[in-house]
Amino acid sequence: MMNDTQFKVLLNMKDILMRMGINVPMSEIEADLKMIADCDEHGISPAMYSLITRYLEKYGSDRYENLDERKDVTGTLSAIRSCISAGCFCLGEGLASIEYTGRTTKARKGEYIILIKPDNSLIVHGPSGVNPVCYMSRASDIKPYDCQGKIGLMASGRDERLSIVFDKMISFQGLFTPLPEKREIPGPELTEEEKRLEVSLKSLRKTLAQESEIKYLPAIYDNRILLELVRQKPVSIEELGRIKGFGRKRIEKYGQRVIDTIAEFKACACP
């Protein structure tokens, strides 16, 4: 009989393997787990990871049908280029060699999942853990290319370079395209008085950021909220709460200072 922890690990292992496309009999996993002393339902121990690797080698051989055998390299590269140029969220997986230079230097070979986001951010994940093997934020260029009959991806940034060459690619697909940007209809121009209030609220935002040791000013309130503050000029917590984006936490942290600034401005503006 398995104890509760081993049973939870069994279900977790089965789920992990199924997500990897590996169908291992439950009875085999159960028998193997009973031989492991350090089963932990909250993570994967080295012994458990060795099991997954063994299952991958034993049951995963038929999974690595080379994508190049089903579709020529030129056609595959064309499909990948189309997905990237269309601004899709792209997902690729397979056995690959990875070389990264930038914040650090890495060269690895193994099974990886590659995510390419519409903003050209690129993330490489391995078979375990939540942290990426490597990543590149907003690459200036991502080029698919033919690397001696293999699918290659070259991403470059200002001081970064990431090369991925698939020995065997299982799949590459564009999962979705980004939604079209919502175009806001511009409102009336600010009056001279409103422009002066805008300056005051920008100055307050900078002061609040410095006091809170926050470098990203929109974390205090972004320009859209700033514009609403200028136009609506709330002078009470209730009025401030009607502004979209100024929720309970912002009100607790900055609400009174914002109201005081607007009230002081109104008092000075009165003849």
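Trainee: What pLDDT does the model have over residues 62-70?

Mentor: pLDDT, the predictor's confidence in each residue from 0 to 100, stays under 50 over residues 62-70. For this stretch the model has 25 contacts (heavy atoms within 4.5 Å) beyond four places in sequence. This is a predicted model, in which local features need pLDDT of at least 70 and side-chain atom pairs count only at pLDDT 80 or more, while totals for chains, interfaces and linings use all residues. Residues are numbered from 1 along each chain as its sequence is written, and side-chain values use heavy atoms, with hydrogens and water left out.

Trainee: Which elements have the lowest and the highest mean pLDDT?

Mentor: Helix α4 (residues 67-70) has the lowest, at 45, and helix α6 (residues 192-211) the highest, at 93. The protein averages a pLDDT of 80, and 79% of its residues score at least 70.

Trainee: How many helices and strands are there, and what makes a run of residues count as one?

Mentor: There are 9 helices and 7 strands. Both are DSSP runs numbered from the N terminus: helices are H or I over at least four residues, strands are E over at least two.

Trainee: Why is Cys 88 called buried, and what is Cys 147 called?

Mentor: Buried means under 20% relative accessible area, exposed over 50%, and partly exposed in between (1.4 Å probe, protein chains only). Cys 88 has 11% and therefore counts as buried. Cys 147 has 23%, so its class is partly exposed. Buried residues make up 38% of the 271 in the protein.

Trainee: What makes Phe 7, Leu 11 and Met 26 a patch?

Mentor: Patches take residues with over 30% relative accessible area and no salt bridge; like charges are joined within 9 Å, and nonpolar side chains (Val, Leu, Ile, Met, Phe, Trp, Tyr) within 5 Å. Phe 7 has 44% relative accessibility, which makes it partly exposed. Phe 7, Leu 11 and Met 26 form a nonpolar surface patch with about 260 Å² of accessible area together. Such areas come from the Shrake-Rupley method with a 1.4 Å probe, and for residues only the protein chains shown count as cover.

Trainee: Where is Phe 7 found, and is Leu 10 buried or exposed?

Mentor: Phe 7 is found in helix α1 (residues 4-19). Leu 10 has its place in helix α1 too; its relative accessible area is 3%, so Leu 10 is buried.

Trainee: How do you know that Arg 138 and Asp 119 form a salt bridge?

Mentor: The criterion is a side-chain nitrogen of Lys or Arg within 4 Å of a carboxyl oxygen of Asp or Glu. For Arg 138 and Asp 119 the closest N and O atoms are 3.8 Å apart. Arg 138 is in the loop between β4 (134-136) and β5 (141-147), and Asp 119 in the loop between β2 (105-116) and β3 (122-125), 19 residues apart, which makes this a link between distant parts of the chain. Arg 138 is exposed at 59%, whereas Asp 119 is partly exposed at 32%.

Trainee: What distance separates the closest N and O atoms of Asp 167 and Lys 150, and what does the pair tie together?

Mentor: The distance is 2.9 Å, and the pair forms a salt bridge. Asp 167 lies in strand β7 (residues 161-176) and Lys 150 in strand β6 (residues 150-156), so parts 17 residues apart in sequence are tied together.

Trainee: Why are Glu 192 and Lys 195 said to be about one helical turn apart?

Mentor: They are 3 residues apart in helix α6, hence the wording. Glu 192 is exposed at 54%, and Lys 195 partly exposed at 36%. The whole structure has 9 salt bridges.

Trainee: Why is Ser 171 called buried, and which residues does Ser 171 touch?

Mentor: Its relative accessibility is 18%, so Ser 171 counts as buried. Ser 171 is found in strand β7 and touches Leu 91, Gly 92 and Glu 93, leaving aside residues up to four places away in sequence.
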